[in-house]
Amino acid sequence: MSGRGGGAGSALTWTALREVKCAELEQAADGWGRVSNRADAARDRVEGQLLPVLRNTQKGEAVGAAVGRLRRLGTNFQYIYTECGLLRTTLNSLAHEIRAQQRVLQGALDDAAALRFTVHADGSVAYPAAGEGLVDGKPLAGGTASGVPNPGMVTPSGLVAPNPNAGKAQDIADRVAQAVRTAADADWRYTRILRSLKAQEGLGVPAATWKDAAADAAAVREAAGSYLRNAIPHDASPAERKAWWAGLTDEQREEYLAVYPDQIGNLDGIPALVRDAANRDNLQLLMGKLEGRDDEDSATKLAALREIDRQLRAVPRAGEPPMYLLGIGDQGNGRAIVSYGNPDTARNVAAYVPGLNTSLDEEFATNDLKRARDLSIVSNRHGEPAAAITWLGYDAPQSPDGLGSLSVAADGRAEDGGLAFREFMGGIEVANENQDPHMTAIGHSYGSRTVGSAAQYPGGIPGVDDIVFVGSPGVGVDSADALGVGRDHVFVGAAANDVVTKLPSKGEFAVGASEMLVGGPVAAYVFGGLADRGDDDVWFGKDPASEAFGAQRFEVGAGPPLVGEGRVTIDAHSEYFDPELDRTSVENMALIAAGHANRIQREEPR
C-alpha cells in the first residue's frame, strides 16, 4: 500500500483498500520471522558452542583476537534477530489494522447492496426516491450522500432530509470514508516505521546502532498497541500469566519477544528461559537508550548494565551455574533480577533481597550478584539442583551517609518492595516444574524489612518454606510466628560486631536525639552505650536474633570490630555472603536453601 497512503491528503480509495491482500503482508512477516529465528539460532551457536570450545581448548594471543571477533559476530546476530523481529511485527500489525478497516468497509458495502444503493468510486452513495411528498404524495427524489471522514467531529445541523433513504446513505458513506481514512493513516504510520528499520553499513553494530534499535522498538510498540500490547495480562495473577503465555502460538510469542522484551522479560509467571531471552535483548536496548546521555544517573546505570552484559556473555567456570536474567530496567534506582541456576528446573530456589543503598550500579553488578552466585555454588554441593537469585525489584532506600542514618529508611519502601517480591515469588512458584519445590526468601539489612513485609500478607510469601534474615535492623513484626512459615522455619544470622543488628529502637533513639542529630542511629549505638540497652527492640521492631522473637539463630562470623586499626568500620554488616570472609554464614545459608536446615550450626539467641 505504501505510496498511496498519506494521511489527510491520501489518494487511497475504497476500491484499493478492498483489494489489499493482507495475506501477502503476513507472508512477508513470516519470512522476516524466519530470518530473525535463524539469527537467534546462529547467536546461540556462536556464544553457546564456538566460544566455549575455543576458550577451553586453545591458548595464545590469536585466540584472544578470535574470541573478540566471535563476540562481535554474536552481537551482530542479536541485532539482526531484534530488527527482523520488529519487521515481522510491523508487517503483521499493519495487516491487522488494514484487515479491520476492510471489515468496516465490507459491512458498509454489504448494507449498500442490500438497499440497492450505488457506491461511487469517490465513496459517495447514491440512493433512490422513497417516501411520500406532503402535497402530491409522490415519492421524494433520490440523491447522493458524500462521506465525512470523521463523522463524530461534525456538529449535527438539525436538518433531516425527508427521504428516508438519505440517512441510511449518509451512514454508509461515512463508514466508507472513515475506513479509508483510518487505513490511509495506518499506511502512513507503518511506512515511516519500515523506512527506519534499516541498519548502517558495515560489519559492526556500535552503541549508536543499538540506540537506533531502541528507538525502532519504541516506534513499533506505539504502532502495534492494539495488535499486541493490550493483550498482555499485566493485572492477572502469575498463574493466569503462565496460562496466557502457554496458550499463544509460537509466532505470537516471537512477536511479543521482539516488540515488548521489557514487558515480557519482567512478567512474573512465565518461564525463566523466556524471561532470560527477552531481558538479554532488552539489556541491549537499554544500553543503547542510555548511551550518550551525560547525566550521572544514566552513566551509573549504564556501567552496571555493561558489567551485567559482560557476565552474561562469559563462559561459566567449572562448578559455576549459568546465569539467567529474570528482570532488568532503568526505572527508579534501577531494576535487576539475576538467577544462578534455572529456577524453573531447580528443586531448591533461594531469592536474596538486598537492602539500604542498593541500586543499579557497578557495585551491585559486581558484589550483590556474586552473593547469589556463591550461595548457589555452595547450595549445589548439598544434593539436589539449587538456584539462587539476587532480586533488586524495588527502590531500596538511599542514604547519603551510608549507614550513618537509617532515618530515610521508613516502612514505605519495604511495603512497596514486599508486594513486588511477593508477586515475583508467586511467579517462581507457578513456573517451577517440580511437584513441590523448596523455596527460601533471604533478606539482608533493609532487605530483611522488605521480606518481612512480604511475609505479613495473608498466606505469607507464595511458595516460600523458609525465611532467612541476616544483618537485620528488624523485620516489622515482633514474633517469628507472624511470618507465615512457623518459627521453626525462620532463621537469623547476626554478627557480633554488626552494628546494624543492634540499632536502638526509634523510641530509644528519640531519647538522645538532641545530642546525636548528625550521626543518626549508628551514632546512638556508638555513643549511647546501647550495647547494654534494657530491651530487645531494634529500629524496625523486635530484634530477630532475640529470644523473644522466637526465630532459629544460626552461627556466623563475628566480623571486624566497629573500631579497630585506627578507623571505624561497618564491614561486619557486609560479610555474611562472602565464603572467604565468613564461610560459616554462607555454609549455613546454603544448607537452609538446600532444604537441610537440620544440619546448620546453631547459636544461642540474644
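Student: Is Ser-445 buried or exposed?
Tutor: Ser-445 is buried, at a relative accessible area of 4%. Buried means under 20% relative accessible area, exposed over 50%, and partly exposed in between (1.4 Å probe, protein chains only). This is a predicted model, where local features need pLDDT of at least 70 and side-chain atom pairs count only at pLDDT 80 or more, while totals for chains, interfaces and linings use all residues. Residues are numbered from 1 along each chain as its sequence is written, and side-chain values use heavy atoms, with hydrogens and water left out.

Student: And what's the phi of Ser-445?
Tutor: Positive, about 60°, although Ser-445 is not a glycine. Ser-445 sits in the loop between β8 (438-444) and α13 (446-455); helices (H or I, at least four residues) and strands (E, at least two) are DSSP runs, numbered from the N terminus.

Student: What about Asn-357?
Tutor: Asn-357 also isn't a glycine, and its phi is positive at about 70°. You'll find Asn-357 in the loop between β6 (348-353) and α11 (362-379). Asn-357 is partly exposed, with a relative accessible area of 24%.

Student: OK, inside now. How many residues are in the largest nonpolar core?
Tutor: That core has 51 residues, and Trp-244, Trp-245, Tyr-256 and Ile-264 have the most contacts inside it. A nonpolar core here is a set of buried Ala, Val, Leu, Ile, Met, Phe, Trp, Tyr and Cys residues joined through side-chain atoms within 4.5 Å.

Student: Which helix gives the largest share of this core?
Tutor: α4 does, with twelve residues.

Student: What does Trp-245 touch, leaving aside its neighbours within four places in sequence?
Tutor: Trp-245 is in contact (heavy atoms within 4.5 Å) with Arg-253, Tyr-256, Leu-257, Ile-264, Ile-270, Pro-271 and Val-274. There's also a second, separate core of 46 residues, including Ala-346 and Val-477.

Student: Switching to charges. How many salt bridges does the structure hold?
Tutor: It holds 23, a salt bridge being a side-chain nitrogen of Lys or Arg within 4 Å of a carboxyl oxygen of Asp or Glu. One of them pairs Asp-330 with Lys-289, with the closest N and O atoms 2.9 Å apart.

Student: Which parts does that pair tie together?
Tutor: Asp-330 is in the loop between β4 (323-329) and β5 (335-340) and Lys-289 is in helix α9, so the pair links parts 41 residues apart in sequence. Lys-289 is partly exposed, at 36% relative accessibility.

Student: What about Arg-373 and Asp-374?
Tutor: Those two form a salt bridge, with 3.9 Å between the closest N and O atoms. Arg-373 is partly exposed, with a relative accessible area of 23%, whereas Asp-374 counts as buried at 8% relative accessibility.

Student: And how far apart are Arg-487 and Asp-481?
Tutor: Their side chains meet in a salt bridge at 2.8 Å, N to O. Arg-487 is partly exposed at 33% relative accessibility, and Asp-481 is partly exposed at 47%. Elsewhere, salt bridges that share partners join Asp-111, Asp-171 and Arg-175 into one network.

Student: Last topic, the sheet with β1, β2 and β3. Which strands stand at the edges?
Tutor: The three strands form an open, antiparallel sheet in the order β1-β2-β3, where two strands pair if DSSP finds at least two bridges between them. β1 (118-119) and β3 (143-145) are the edge strands, each with a single partner, so one side of each has no neighbour in the sheet. Two bridges join β1 to β2, and Thr-118 stands opposite Ala-126 in β2.
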